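User: I would like to learn how to read a structure step by step. Could you take me through some features, giving the general idea before each case?

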Amino acid sequence: RTCEEGSATPIPGVTRGWEHMTHEDKVHGGRTDLGLKTLVMQQCGISEKGATSVAEALIGNHTISLLDLSGNRVGKEGIQALSFGLGHSLSLQHLGVHGNAIGAAETEVLETAVFDRWQMIQGMEQARAQRAAIRQSIQDAALAAAHAEAEATGETNPE
């Protein structure tokens with residue numbers, strides 16, 4: 001079903017349309033997640049301004065994994081905004097935008113955003129692994145120092 005058929009799930013602010021949402025509606029008192037995991041807004045008449053509002057809501061969102069804006073009126077500016085929002089959402093895994101006014105240039109913008117996001121996530125995973133290795137190294141060094149001190153003082157159990 002589509003928004004035009006009246007089947008949209010009532011979400012605060014969305015029922016009024018993304019274009020008319022206040023900033024408070026978008027972030028719901030500082031929270032952008034609202035517990036949503038899937039947001040399907042196919043054929044809802046979302047334009048550039050609405051796509052920009054959706055992109056703003058993605059920033060800092062940690063729950064939405066699927067966003068479908070297929071069959072709307074999103075064009076160049078909306079895709080640029082969505083690309084920015086995509087780059088700042090750690091949970092978004094699926095983005096549906098077919099059936100919008102998107103050409104090769106907009107597709108390239110999205111592809112670049114997806115690739116940059118992938119690199120960022122890979123970098124974060126590498127940083128986590130490095131942090132764990134450093135933590136383990138510090139713990140090992142502290143334990144070795146405690147053992148060395150215990151040997152020097154004649155203690156049998158340095159822990």
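**Strands and their pairing**

Analyst: Strand E2 (residues 66-68) and E3 pair in the parallel sense over 3 bridges. Strands (E, at least two residues) and helices (H or I, at least four residues) are DSSP runs, numbered from the N terminus, and two strands pair if DSSP finds at least two bridges between them. This is a predicted model, in which local features need pLDDT of at least 70 and side-chain atom pairs count only at pLDDT 80 or more, while totals for chains, interfaces and linings use all residues. Residues are numbered from 1 along each chain as its sequence is written, and side-chain values use heavy atoms, with hydrogens and water left out.

User: Which residue in E3 is the bridge partner of Asp68, and what is the order of the strands in the open sheet?

Analyst: The bridge partner of Asp68 in E3 is Gly96. The open sheet has 3 strands in the order E1-E2-E3, with parallel pairing, and its edge strands are E1 (38-40) and E3, each of which pairs on one side only.

User: What is the phi of Gln43, and where does Gln43 lie?

Analyst: Most residues other than glycine have a negative phi. Gln43, although not a glycine, has a positive phi of about 50°, and its place is in the loop between E1 and helix H2 (48-58).

User: Is Ala55 buried or exposed, and which residues is Ala55 in contact with, leaving aside its neighbours within four places in sequence?

Analyst: Buried means under 20% relative accessible area, exposed over 50%, and partly exposed in between (1.4 Å probe, protein chains only). Ala55, which lies in helix H2, counts as buried because its relative accessibility is 4%, whereas Gln43 counts as partly exposed at 35%. Contact means heavy atoms within 4.5 Å, and, leaving aside its neighbours within four places in sequence, Ala55 is in contact with Ala81, Leu82 and Gly85.

User: Which element gives the most to the lining of the second largest pocket?

Analyst: On a 1 Å grid over the protein atoms alone, a pocket is an open set of points where a 1.4 Å probe fits, with protein on both sides within 12 Å along at least five of seven lines, and lining residues have an atom within 4 Å of a point. Among the residues that line the second largest pocket are Leu86, His94, Arg117 and Trp118. The elements that give two or more residues to this lining are strand E3 (94-96) and helix H4 (104-153), and H4 gives the most, with 4 residues.
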